[in-house]
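Please look over the structure first.

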Amino acid sequence: MVVGQRGEDPGGIKVEPGDLRYPALRRGYNPRWYADPEYVRLVASPHEAKEALQQAVDEAGRASGEGAVRDRITVRSGGHCYENFVCSEDVRVIIDVSLMDGIYPDPEMDAICVEAGATNADLRKRLFLKTGKVLPGGSCATVGVGGHVPAGGFGLLSRQFGLTVDYLYAVEVAVVDDTGRVRLVTATADSAGALGDLWWAHTGGGGGNFGVLTRLWFRRLPDAPRHVLLTAGGWKWDSIEPESFAQIIANFGGFFDRHRGGEDDPFAALFGILLLTHRSQDTIGLIAQLDADLPHAEELMARFLKEVGRDLGVERHALTRSYGEYPALVGLHAPTPLPWDQVDKLFGGTDNTRAGKHKSAYMRGPLPKRHVEALWTALAEEHPAITRDAVVQIDSYGSAINRVAAGETAVSQRDSILKLQHQVYWPASVNGADQLRWIRELYRDMYRDTGGVPVNAPYAGAPTDGCYIGYPDVDLSDPVWNTSEVPWSTLYYGADYARLQDAKRVWDPRNVFRHRQSVRI
């Protein structure tokens with residue numbers, strides 16, 4: 001049964017149970033999360049999105065029986081939400097904007113328009129190849145712009161150019177007013193009052209909070225590098241002891257503490273990724289990228305690798321396996337100059353057959369001793385029956401990111417130098433209870449001194465600065481795992497949460513767009 005071919009319904013393609021596309025559309029990238037919606041809408045234009053939302057809102061008033069249980073309307077672009085905010089048992093309708101993937105200059109707006117269903121791969125293909133410009137977003141090719149940008153998305157070029165939201169000029173959003181009427185609204189960085197708040201809310205306030213994001217416009221996008229120097233290597237676990245493990249982390253954190261990206265800092269554009277894998281995964285990884293056309297780029301990369309390897313007494317080897325969400329990067333032990341679009345090919349393919357759990361933390365300084373000790377305890381555990389598909393990824397941060405003041409966007413963390421992503425994966429065919437317990441205990445133990453979470457900077461003099469809404473974690477709302485006095489909303493948004501609530505009251509007064517950690521009215 002194929003329902004609603006495009007053109008028959010102003011709300012786009014309607015995919016119901018029984019349609020051969022339904023199984024693929026009822027789940028996201030993470031196979032932990034499934035929904036059984038009444039239908040999924042595939043929309044290919046802003047007006048289809050508006051009509052699809054209007055129909056879904058009108059139907060909600062008539063819902064009864066099972067519809068009273070499945071009452072949420074959710075929005076999906078790339079489908080990479082780490083929690084069940086889009087796909088869960090209480091979802092009645094999913095509006096999927098992935099067919100709305102255009103990228104084109106807009107002379108009237110004097111900006112480049114990116115439709116919300118475009119992915120990171122689309123950006124590199126259609127933005128870079130057509131214009132030579134780049135949006136400094138993530139490396140995972142299938143992540144959708146409609147979720148990535150409102151979360152304050154970042155990537156390997158962010159120390160050089162800043163965050164994606166630092167170039168966001170305007171957004172178009174389908175919103176629902178207090179009478180249930182849907183309209184398309186355009187808000188720009190120049191807008192005043194409530195419209196200005198709607199634009200600002202999309203510069204780090206998270207996706208799926210205020211309406212259906214349909215189009216985004218960007219100004220002043222930087223030129224892409226012609227070439228980058230890329231290297232991927234690491235240290236074999238069988239040669240790592242507690243002292244060398246701690247030294248690697250100290251060297252990496254210390255380097256980016258010293259090189260925070262001032263105007264005269266030669267390392268301002270260098271991006272590094274430390275992959276602290278579980279001992280059962282063979283190698284602790286190190287990836288680094290630098291614009292190859294910068295003065296003395298090869299010398300700078302060599303100095304970085306030397307400093308991170310200082311006082312280890314352990315040789316760095318090639319990186320030949322995939323870790324976390326990064327594929328195997330073979331042949332890059334020596335820094336290698338590559339055309340910018342080659343990065344797309346190297347980082348493009350990751351599988352989605354594994355279930356996973358993710359957590360995050362911002363760091364305003366290097367990791368303290370207690371964090372490193374907790375990491376060693378969890379990652380160096382040895383058991384003949386345990387193979388732990390896990391990694392704590394430490395990304396360099398700061399530099400151009402921190403040249404934007406807190407409050408100018410809804411990304412409140414603007415003085416961090418590192419950003420952590422704690423990850424664990426397991427086959428989708430098993431329940432993952434052991435893996436969930438492991439990552440929760442690791443995270444609690446790392447931040448034990450501040451209630452099991454990386455509290456924001458004003459609290460307890462901690463070197464941490466909260467969490468990243470792009471890596472949502474419902475445990476932050478659970479008093480079992482968050483025993484601090486800092487709520488999840490502050491961990492994500494700091495002092496900016498009240499302004500996001502104000503925008504929510506104006507633009508989603510009926511709380512149509514809600515999930516377990518949506519902005520509360």
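Is Y471 buried or exposed? The model is predicted, and in it Y471 has 12% relative accessibility. Buried means under 20%, so Y471 counts as buried.

**Aromatic pairs**
- The whole structure holds 19 aromatic pairs.
- One of them joins Y82 and Y471, with 5.8 Å from centre to centre and 40° between the planes. This pair is tilted.
- The two partners come from distant parts of the chain, 389 residues apart. Y82 lies in the loop between β3 (72-76) and β4 (91-96). Y471 lies in the loop between α12 (433-446) and α13 (488-493).
- Y82 is buried too, at a relative accessible area of 10%.
- Y82 and Y471 belong to a cluster linked by ring pairs.

**Charges over rings**
- R219 places its charged end over the ring of Y169, at 3.6 Å from the ring centre.
- K359 does likewise over Y443, where its charged end is 4.7 Å from the ring centre.

**Helix packing**
- Two packed helices are described by the angle between their axes and by the distance between those axes.
- For α8 (residues 242-258) and α11 (residues 369-379), the angle is about 125° and the axes are 10 Å apart.
- The two helices, α8 and α11, are therefore oblique to each other.
- The crossing of α8 past α11 is right-handed.
- On the α8 side, the contact involves P242, F245, A246 and I249. They meet V372, L375, W376 and L379 of α11.

Definitions and conventions. Residues are numbered from 1 along each chain as its sequence is written. This is a predicted model: local features need pLDDT of at least 70, side-chain atom pairs count only at pLDDT 80 or more; totals for chains, interfaces and linings use all residues. Side-chain values use heavy atoms; hydrogens and water are left out. Rings of Phe, Tyr and Trp (its six-membered ring) pair if their centres lie within 6.5 Å; planes under 30 degrees apart count as stacked, over 60 as edge-to-face and the rest as tilted. Helices (H or I, at least four residues) and strands (E, at least two) are DSSP runs, numbered from the N terminus. Buried means under 20% relative accessible area, exposed over 50%, partly exposed in between (1.4 Å probe, protein chains only). A charge sits over a ring if NZ of Lys or CZ of Arg is within 6 Å of the ring centre and within 35 degrees of the ring normal. Axes are lines fitted to C-alpha atoms, for helices over the stretch in contact, and angles run from 0 to 180 degrees between N-to-C directions. Angles under 35 degrees count as roughly parallel, over 145 as roughly antiparallel, 65 to 115 as roughly perpendicular and the rest as oblique. A crossing is left-handed if the near helix is turned anticlockwise from the far one by less than a right angle, and right-handed if clockwise. Contact means heavy atoms within 4.5 Å.
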